[in-house]
Amino acid sequence: MSTFLLRGVRLPDGTAADLVLADGVVAEITGAGRASTSGAAVVDADGLVALPGLVDLHTHLREPGREDAETVESGTRAAAAGGFTAVHAMANTSPVADTAGVVEQVYRLGQQAGWCDVRPVGAVTVGLQGSRLAELGAMATSTARVRVFSDDGHCVSDPVLMRRALEYVKAFDGVVAQHAQDPRLTEGAQMNEGEVSAVLGLTGWPAVAEEAVIARDVLLAAHVGSRVHVCHVSTAGSVEIVRLAKQRGLPVTAEATPHHLLLTEEEVRSYDPVYKVNPPLRTAADVQALREAVADGTVDVIATDHAPHPTEAKDCEWAAAAMGMTGLETALAVVQQTLVDTGMLDWAGVASRMSSAPARIGRLDDPALGGFAHGRGLVVGAPAHVTLHDPAAPWTVDPAAQQTSGRNTPFRGHRLPGRVVATFLRGRPTVLDGRPLPLDAAPGVST
Amino acid sequence: MRHLLSTADLSHADAVNLLDTAEQMAATQQREIKKLPTLRGRTVVNLFFEDSTRTRISFEAAAKRLSADVINFSAKGSSVSKGESLKDTAETLQAMGADAVVIRHPASGAPHRLAAMGWTRGAVLNAGDGTHEHPTQALLDAFTMRRHLAGGTGDLTGLRVAVVGDVLHSRVARSNVHLLHTLGASVVLVAPPTLVPLGTQAWPCEVSYDLDAVLPQLDAVMMLRVQGERMNASFFPSEREYSRRYGLDARRLGLLPDHAIVMHPGPMNRGLEISADAADSARAVVLDQVANGVSVRMAALYLLLAGEGNDS
């Protein structure tokens with residue numbers, strides 16, 4: 001295996017350094033320009049931010065079942081291009097990932113593709129139907145080693161079922177990731193309920209439908225002594241509930257998506273379904289509250305909720321369109337724009353929200369996983385998962401130029417401030433010079 | 001004016017010009033030969049994804065009296081259930097040479113997509129989209145009010161108009177609030193709180209839950225159709241209770257000033273939002289509204305299709 005010397009990187013704490021990646025691990029960290037070049041492929045990384053490989057806690061890879069939208073191969077290639085070295089693949093595939101067989105298939109497809117590690121998320125209930133528990137233990141002990149369980153796309157709205165799920169996964173240190181949406185309060189919902197929905201005549205998705213479920217779930221989690229994770233919090237009220245729960249020491253974690261950190265419901269005035277997403281885009285006040293919550297740690301994780309759709313699912317009237325946006329390849333740049341460039345979060349904070357925190361919640365930081373552990377940071381001896389990001393390389397988002405099969409990026413035409421230059425998975429470059437490198441390609445740098 | 005999608009897009013001058021043009025169109029309709037040669041050789045497509053015989057024949061009559069060729073395309077049900085997308089339907093009509101597409105669609109915003117995506121090069125007229133807007137209905141309402149209450153010219157400054165009923169699900173209410181405000185009238189929405197959309201505090205109108213208190217100050221009261229099925233979703237307890245609290249009956253008719261008119265976009269639900277006494281009273285101008293609909297739609301088609309020729 002090749003040795004790579006990443007020359008002159010800026011570590012998350014701001015110091016300049018050389019990073020040597022050898023034998024799949026971070027072999028050496030020295031002052032900038034101090035590491036020996038002998039035998040190593042040198043990457044001139046002057047001015048680039050080195051982050052521990054990013055971990056996405058919320059990715060829709062669509063395979064099996066909707067290979068017209070995305071495959072594990074194309075989705076993980078997009079992940080690598082976005083700087084991710086591990087993704088959690090959501091369970092709402094067809095068939096649903098509610099058995100050991102399906103999660104092992106997805107896990108294996110990820111290994112074969114080789115772009116990043118795929119950690120399948122198991123469904124909480126059979127077929128995402130919300131009526132009885134799936135075989136969570138079988139998924140946990142399968143080779144896919146599932147630790148995160150979610151009916152994402154659907155809320156586990158039955159309080160008894162949610163209680164049982166929270167309790168049951170304690171046996172294997174799992175976590176339930178809740179898609180918080182009261183189904184009755186959101187029947188037919190099309191966008192955030194408020195002034196804009198009133199004008200546009202679109203059925204409202206009220207903030208309280210999210211907040212009420214989160215409030216219930218943090219209380220349930222406290223009652224049974226389980227941890228709970230809240231997917232894609234989108235409202236100022238949700239942030240307040242999570243903050244209060246954390247102040248009380250309750251075992252809750254939460255994620256926010258890049259699109260909820262940048263876009264507001266005002267986009268919906270165009271009726272362009274590329275802005276249709278669940279939970280919906282909210283108000284500017286919600287966006288500001290989310291940014292502050294990520295900055296102060298109330299929201300632990302940035303997760304993409306990458307949700308590719310075929311073109312025809314968006315090339316139609318609003319009500320007929322599918323919900324969801326792609327996000328893997330724009331996540332880090334949007335985080336830079338909304339949080340780093342605004343002075344709210346430093347790069348160490350980004351490393352926490354996008355690598356160590358999601359890895360910890362998914363229990364990928366277990367040293368027993370060896371090279372397949374994630375989120376252990378840029379420390380000597382840790383697996384060599386590294387993302388090199390150029391914070392001074394503005395680019396304009398073009399959906400046709402992306403790796404994902406989905407063309408439904410809400411950032412089409414947006415100017416974003418930085419881009420991923422290289423991604424290393426166990427010391428092997430999956431992306432170099434901003435371009436994906438297939439498994440069988442030779443490392444594309446001269447020594 | 002390239003398209004007519006929302007009354008919110010109309011300036012005061014646009015709106016008055018539309019009403020003035022409609023008045024000219026109405027004058028031609030008093031002649032023995034009603035047909036004008038203005039749009040000869042132009043093609044107007046009525047693209048209706050939702051049943052609405054009244055609106056469709058009104059547009060059809062308007063287009064035909066301007067000598068346009070009319071194609072009626074009825075595609076009931078959503079694009080998804082039908083299997084053909086709105087995009088494909090629109091592109092098919094474009095290939096057939098539609099100069100204007102009059103679209104009625106159950107999805108809010110469908111006309112905007114049609115206009116914005118370049119699926120058709122023709123002018124797009126919104127003939128009612130979901131619970132969003134119905135601009136020509138608001139224009140014919142304003143035209144009717146102007147004739148009865150403002151001498152048939154200018155705008156509606158100083159008039160007070162109530163829109164009563166299911167505002168939440170009403171495209172007529174949304175279009176009327178924007179247009180009446182633009183024309184200088186003051187608007188009050190009257191409905192049970194369950195049928196007022198959250199967010200109306202940003203609208204240029206007042207909201208009241210008490211019809212009796214509102215009626216004595218009005219110049220016009222517009223009753224919206226209420227579907228009895230709404231009670232099944234708990235918007236109100238029963239048709240009887242709705243009718244008692246928000247229906248226009250003989251007693252409430254008596255609370256109106258003598259000059260005030262009673263309007264309804266039709267079709268009426270007699271006995272629910274309006275009693276037979278009110279519907280058949282001398283103050284009811286419901287049939288005038290229908291007749292004015294043709295004039296207003298002629299004006300809209302004329303300004304969209306022939307207006308550009310006048311400029312050059």
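The phi of Asp433(A) is near 55°, a positive value in a residue other than glycine. Asp433(A) sits in the loop between strand E20 (428–432) and strand E21 (435–436) of chain A. Helices (H or I, at least four residues) and strands (E, at least two) are DSSP runs, numbered from the N terminus.

This is a predicted model, in which local features need pLDDT of at least 70, side-chain atom pairs count only at pLDDT 80 or more, and totals for chains, interfaces and linings use all residues. Residues are numbered from 1 along each chain as its sequence is written, while chains are lettered from A and ligands numbered from 1 in the order in which they are written.

**Backbone features**

Chain B has a residue with positive phi too: Ser234(B), near 65°. Ser234(B) counts as exposed, because it has 8 C-beta neighbours inside 10 Å. Its loop runs between strand E8 (220–223) and helix H9 (239–246) of chain B.

| Cis peptide bond | Omega |
|---|---|
| Asn278(A) to Pro279(A) | about -5° |
| Gly266(B) to Pro267(B) | near -10° |

Pro279(A) lies in the loop between helix H8 (258–262) and helix H9 (284–296) of chain A. Pro267(B) is in the loop between strand E9 (261–263) and helix H11 (276–279) of chain B.

**A sheet in chain A**

Three strands of chain A make an open, parallel sheet in the order E6-E7-E8. Strand E6 (54–59) and strand E8 (117–120) of chain A are at the edges, each with a single partner strand, so one side of each has no neighbour in the sheet. From one strand to the next, the twist averages 20°. Two strands pair if DSSP finds at least two bridges between them. E6(A) and strand E7 (residues 84–89) of chain A pair in the parallel sense over four bridges. Asp56(A) has Val87(A) in E7(A) as its bridge partner.

Helix H2 (residues 100–113) of chain A packs on this sheet and touches E7 and E8 of chain A; its direction makes about 170° with that of E8(A). Helix H1 (residues 72–81) of chain A lies across E6, E7 and E8 of chain A, at about 135° to E7(A). Axes are lines fitted to C-alpha atoms, for helices over the stretch in contact, and angles run from 0 to 180 degrees between N-to-C directions. H1(A) is mostly covered, with ten of its ten residues buried. Among them are Val72(A), Glu73(A) and Arg77(A). Gly83(A), with a positive phi near 95°, follows H1(A).

**Around Ser150(A)**

Ser150(A) is in the loop between strand E9 (148–149) and helix H4 (159–168) of chain A. It counts as buried, because 27 C-beta neighbours lie inside 10 Å. Not counting residues up to four places away in sequence, Ser150(A) touches residues including Met90(A), Val121(A), His179(A) and Cys231(A). Two residues are in contact if their C-beta atoms, placed from the backbone, lie within 7 Å. The C-alpha atoms of Ser150(A) and Ala97(A) are separated by 9.9 Å, and these residues are 53 apart along the chain.

**Between the chains**

The contact takes 17 residues from chain A and 23 residues from chain B. Helix H5 (residues 195–200) gives the most to the chain A side, with four residues.

How values were computed:
Buried ≥ 20, exposed ≤ 12 C-beta atoms within 10 Å, placed from the backbone.
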